[in-house]
Amino acid sequence: MVDPIKNPYAPGAGTPPPELAGRDELRETVRIALERVRAGRPTKSILMVGLRGVGKTVLLDRLRQVAEASGLQTLGVESPENRSLPGMLAPQLRQALLRLSRNERAKGFAQRALRGLAGFARALKVKYQDIEVGFDFEPEAGLADNGDLEHDLQALLEVTGEAAKQARTALAMFVDELQYVEEEQLAALITALHRIAQRNLPVVLVGAGLPQLPGKMGRAKSYAERLFDFPQIGPLPGEAARLAISKPAADQGVALASDALDQIVQETQGYPYFLQEWGKHAWDAAEASPITLRDVERATTAAVAALDESFFRVRFDRLTPVEKKYLRAMAELGPGPHRSGDIAEQLGRGVTALGPTRSQLIVKGMIWSPSHGDTAFTVPLFDQFMRRIMPGDDWRK
Ligand SMILES: Nc1ncnc2c1ncn2[C@@H]1O[C@H](COP(=O)(O)OP(=O)(O)OP(=O)(O)O)[C@@H](O)[C@H]1O
Ligand SMILES: [Mg+2]
């Protein structure tokens, strides 16, 4: 009997996996970058990009833990839709600065930065009403208090950087879902980081977002592409995918037949979220160790149903009827990417008429444009889901 209580797999948004497989190289890259920043050497900020469910959030969380453990100052935020970047950053920055102010060498600098933060929040409050941050000091006139985000954020990160430098540490800002940050706010962030880099101050951004992020950054500031590295986070290659399943099982004294593992890798195409879902259901389907191909085959039905009810469903429910139709037409053409003209043809409409729908779907993060005139899903295997949830031809009406 395989004990359901011991089922190790962890499907979920941002739920740490039992084995963080296949990301060692990237983790090492980030570790080196952070140490370079701490040493005051020129270093690019890192923005990890990948589709939904590939493991950006859990990787970011892990990187942050490791950075903290090595004595770096960190902050972590997730940019939800409809929340401003300053509103999100201010409280976290305050926490980091309060910690820095406990350091003897950095104290004066950190307190000055906290004054800057007070001025920053007060001046920008009119524009970004969601800035809610405690004041520990009175603002210093002229420090980060112009009321212009581009200028003030730069000034604020500069004084923060000086404080971190005095403390012989660095501030690493971990920001998830960066594609939701509005272009003008993104531009301000890029400018600030540019200035920080020119002055070799120890502040660095480690971000994550959907594949449209590099393009969006480039539109916000043309030099952004040179300021950042954009490592791709994709599905796990065969060996890592197998390990993601077999290692957690082995840790519980459970084995998987080789063909059972192959089947999981094939069904999931190595996508981390799907691996967790298949692992979980294969475990629950098994009577005894080793888990067999037959167990996996039975698990497939349950795994697909679970995905349809959660991972896919939450995204589908946020769509308007017109958007659903657009995605269904895309799905008709297969996994993609697809030419906008071909999608329009499926719907019997013109490309221009569908422009607003397409734009809205990009804003919602459902699709992106890998190159001009091309459209692709941001959710892996979403085409199959759309055909399941909207079967037949009714959508053409
Ligand atoms: N390297 C990995 N090995 C095994 N499982 C992983 C790995 N990375 C992530 N997972 C699992 O995949 C699932 C999705 O991870 P996560 O939420 O970090 O993805 P994401 O890229 O942030 O997705 P989204 O774009 O929807 O926010 C989680 O259940 C997690 O445990
Ligand atoms: Mg995430």
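I begin at the ligand. A backbone N or O atom of Gly55 lies 2.9 Å from an oxygen atom of ligand 1. Please bear in mind throughout that this is a predicted model. A second contact is made through the backbone of Ala21, where a polar atom is 2.9 Å from a nitrogen atom of ligand 1. The side chain of Glu177 also takes part: one of its N or O atoms is 3.5 Å from an oxygen atom of the ligand. Taken alone, ligand 1 exposes 640 Å², and the protein buries 97% of that. There are 27 residues around ligand 1, and those that come nearest are Ala10, Gly14, Thr15, Lys56 and Thr57.

The largest nonpolar core has 78 residues. Within this core, the residues with the most contacts are Leu34, Met48, Phe274, Phe312, Leu327 and Phe382. Which helix gives the most to this core? That is helix H11, residues 272-285, with seven residues. Apart from this core lies another, of 58 residues, including Leu89, Leu149, Ile196 and Val203.

Leaving aside neighbours within four places in sequence, Leu34 is in contact with Ala67, Leu72, Ala172, Phe174, Val204 and Val206. As a general point, nonpolar side chains tend to be buried together in soluble globular proteins.

Next, helix H7, residues 213-220. How many of its eight residues are buried? Six are, and the helix is thus mostly covered. The buried residues are Leu213, Pro214, Lys216, Met217, Gly218 and Ala220; a lysine is among them. Their cover includes strands E1 (45-49), E4 (203-209) and E5 (228-229), together with helices H6 (183-198) and H8 (224-227).

Finally, I come to Arg83. This residue is found in the loop between strand E2 (73-78) and helix H3 (85-100). By contrast, the C-alpha atoms of Arg83 and Gly116 are separated by 22 Å, with the two residues 33 apart along the chain.

Thank you for your attention.

Methods
Residues numbered from 1 in each chain as written. Chains lettered and ligands numbered in written order. Predicted model: local features only at pLDDT ≥ 70, side-chain atom pairs only at ≥ 80, totals over all residues. Heavy atoms only, no water. Core = buried A, V, L, I, M, F, W, Y, C linked by side-chain atoms within 4.5 Å. Buried < 20%, exposed > 50% of the residue type's maximum accessible area, 1.4 Å probe, protein only. Helix = DSSP H or I, 4+ residues; strand = E, 2+ residues; numbered from the N terminus. Contact = heavy atoms within 4.5 Å. Near = heavy atom within 4 Å. Polar contact = N/O pair within 3.5 Å; in protein donor to acceptor, adjacent residues only side chain to side chain. Areas by Shrake-Rupley, 256 points an atom, 1.4 Å probe, with all protein chains shown as cover.
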